[in-house]
Amino acid sequence: MAEETKPDVKESEILAAGYQVSHSKSPLFYDKYERKGELQGQTHYCPGCGHGVAHKLIAEALADLGLQDKTIFVSPVGCSVFAYYYFDVGNVQVAHGRAPAGATGIKRTHPDKIVISYQGDGDLAAIGTAEIIHAANRGEKITVFFVNNAIYGMTGGQMAPTTLVGQRSTTSPWGRRPSNEGYPLHMAELISGLEAPVYVERVALSDNKNVMKARKAIHRALEIQRDGIGFSFVEILSPCPTIWAKDPVEARKWVAETMIPNFPLNVFKDKKHEPVENAVVPQRPVYEVLEISNAPVGPDAPIQSIPADAHDASDQSVSTPAETTKLADIGVNDTPRPHVHHFKEFEIKVAGFGGQGVLLLGQLIAEMGMRERLEVSWLPSYGPEMRSGSAHCHVCLSKERIGSPVISHPDVLIALNEISLRKFAAQVAPGGLILYNRDRLPADFPLPQARIVCLPASEIADKLGNTKATNIVMLGALLEETECLLLETADDVLKTKIKKVAMLEVNRKALAAGREFIDNYVRVGAVSQPDGFSY
Ligand SMILES: Cc1ncc(C[n+]2csc(CCOP(=O)(O)OP(=O)(O)O)c2C)c(N)n1
Ligand code: SF4
C-alpha cells in the first residue's frame, strides 16, 4: 500500500507565497513520531487529553527559551510514559514514581542541563510521594510538571490521591468518601509549605484563558531552572475525557466547574531570588573531607579505627574524634607515596560469612584507596545474623567520581567460603581474579572465565596464631597478585586500626604470608594451586 505522504511545505515558502502561519508544530517535537507501524505521526493520547496540551506548552516554552539542546526530559509511568516519542530532547524514562529521584541524579551529574520531571497524579502523589517531597525539600534545581487529572488514566481509572470527594473510580465505585479513602491531596499547597522550593503554581487546562496562564507558568518554571535558582513546580489540572467518560468539551468544562473549586488556581510561591553564582556545590574527595590521606590526621577528623581493646581485625567499630590518632605518632608515613594505579576503576567483591572479617576487609581496602587519593565506595550487604550469616561487600577504587557503588562484575572476588564462591564466581569479569579461601576448588565446580587462585588463608592464619587474620592473609594475596594498592599503605592502615601490639604483629605476618603464598605458588592454566594441579 502506498504510504500516505504529506506535502513537505516549509514555513518560509508559505510566507513567501503571502500567507501567514498562525499555528504550527513546535520545532521541539520530532518531525515524525517513530511509533509502531500504523501509529506513525500521531500521539497515543486520547482526543481531548490534557497531556497533549501540556506537552505543547512545554515544547513552546523550551523553544522560546532556546533550551532544546540542553534539556533532559524524564518521563514517568502513566499515560505520558511515551513522551520520549515526541520531545526532540534528551529523554529518560524511569520507574513508577521515581522521576524526581532520576531527575536529581541527572541534574547533579549534569548541572548545566535543564532537567524536567513530568508526572501524573498516581505517579507523583501516590507511589512517588516520598521522591517528590524529598526532591522538593532538598531544593533540587529541577522543574516538575505535575499533571493532575484526578484519576489513574493509563490503568483504567483507579482512585488517585487527587480524586475528588464523591468522585467515582474503579476502586471507589461508591464515590470517594473521606471517612474511608481520605481527602484529596493538594500537592501544590503541600510542596509550597516546604522551605526550599522557589516557585509553585497551580494552573488549569480548562479554557483558552487558563491555557495561556498555564503557558506563562511553564515558561516561568523553566526560566527559574535556567537561571539556576532552585526547585520549580507547576501543577496542571488536566482533562482525561476517556476515563471520565466525557467528550473533550465536557471534560474541559469539568476541569473548570468541578476541579478548580476543589484545587484553587494560585501562585503559591515565587521567591524572586537573584540567580545563584556557583550553583553547583564543589565536590571534595572523601579522603580530603575525612583527612585520611597520608597526611597527619587532624584533631577533629573522625576516622574509622579499632579501639585499643579490640580482639582482632575482624571486630568493627567507629572511633570518636577523641580516639583518633595522629599518623606520625604511630609511625605511619605521612608523605603521600607515588603509586601509578594501573586502572581507571577497580572493583572488588569480598564475600563470606559473618565473623570472617568480610566487611572489615572491604573497609580496609577502601581506606587504603583513600590514602592513595582514589575515589572509593564501600557497600555492605548482610543478613540479620551478625555471626555465620552470609555477608558480602562491594568495594570500588576509582580515579574518577563513582556513579554507583553496586558492583555487578567485579575485577576481583575474594571468596572466603565455598557458598560465596558458588554464588559469585560467575559474576567476575572475564580475565578477572578469584581468590578462594581453600587449597583447592570443590570437585564439581564449573570453571568460570576468571583466573582462580586457591589459597588456604584460614589455615595460614591459624598457623600464625589467629584464624581471624584470614582476611588479612587475603589482603596480602590481593596486593601481591594485582598490585592495585601499595603494601606500605596496607601497613599504614593496619597501624592506624590496630592498637594492640601483639595483634598488629599477627596481622602484619598475615599480610606477609598472603604475599609469600602468591610468590611461591605454581601457575598452571586458568586455575593455579600450590601443587601446580590445575582444574
Ligand atoms: C511499580 C508499578 N506499580 C504499578 C504500576 C501500574 N501503573 C501504571 S500507570 C499507573 C498509574 C498512572 O496514573 P497517573 O500517574 O495518574 O498517570 P495518568 O495515566 O493519569 O497520566 C499505575 C498504577 C506500574 N506500572 N508500576
Ligand atoms: S486515558 Fe486519560 S490521561 Fe490517558 S491518554 Fe486518555 S485522556 Fe489522556
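## Sheet and ligand sites

Strand 3 (residues 114-120) and strand 4 (residues 143-148) run parallel and are joined by five bridges. Strands here are DSSP runs (E, at least two residues), as helices are (H or I, at least four), and both are numbered from the N terminus. Two strands pair if DSSP finds at least two bridges between them. Ile116 stands opposite Thr143 in strand 4.

This is a predicted model, in which local features need pLDDT of at least 70, side-chain atom pairs count only at pLDDT 80 or more, and totals for chains, interfaces and linings use all residues. Residues are numbered from 1 along each chain as its sequence is written, chains are lettered from A and ligands numbered from 1 in the order in which they are written, and side-chain values use heavy atoms, leaving out hydrogens and water.

The open sheet has seven strands in the order 2-1-3-4-6-5-7, and its pairing is mixed. Strand 2 (90-93) and strand 7 (266-270) each have a single partner strand, so one side of each has no neighbour in the sheet. From one strand to the next, the twist averages 15°. Helix 3 (residues 99-109) packs on the sheet and touches strand 1 (71-75), strand 2 and strand 3. Contact means heavy atoms within 4.5 Å. The direction of helix 3 makes about 175° with that of strand 3. Axes are lines fitted to C-alpha atoms, for helices over the stretch in contact, with angles from 0 to 180 degrees between N-to-C directions.

Ligand 1 has 16 residues around it; His51, Asp121, Gly122, Asp123 and Gly153 come nearest. A residue counts as near with a heavy atom within 4 Å. Helix 4 (residues 121-127) gives the largest share of this shell, four residues. Polar contacts (N or O atom pairs within 3.5 Å) include these:

| Residue | Polar atom | Distance to an oxygen atom of ligand 1 |
|---|---|---|
| His51 | side-chain | 2.8 Å |
| Cys79 | backbone | 2.8 Å |
| Asp123 | backbone | 2.7 Å |

The protein covers 72% of the 590 Å² of accessible area that ligand 1 has on its own, by the Shrake-Rupley method with a 1.4 Å probe.

Around ligand 2, helix 9 (residues 241-244) gives the most, three residues. The residues there include Tyr45, His51 and Cys79.

Terms used
A polar contact is a pair of N or O atoms within 3.5 Å; within protein, one must be able to donate a hydrogen and the other to accept it, and residues adjacent in sequence count only if both atoms are side-chain atoms.
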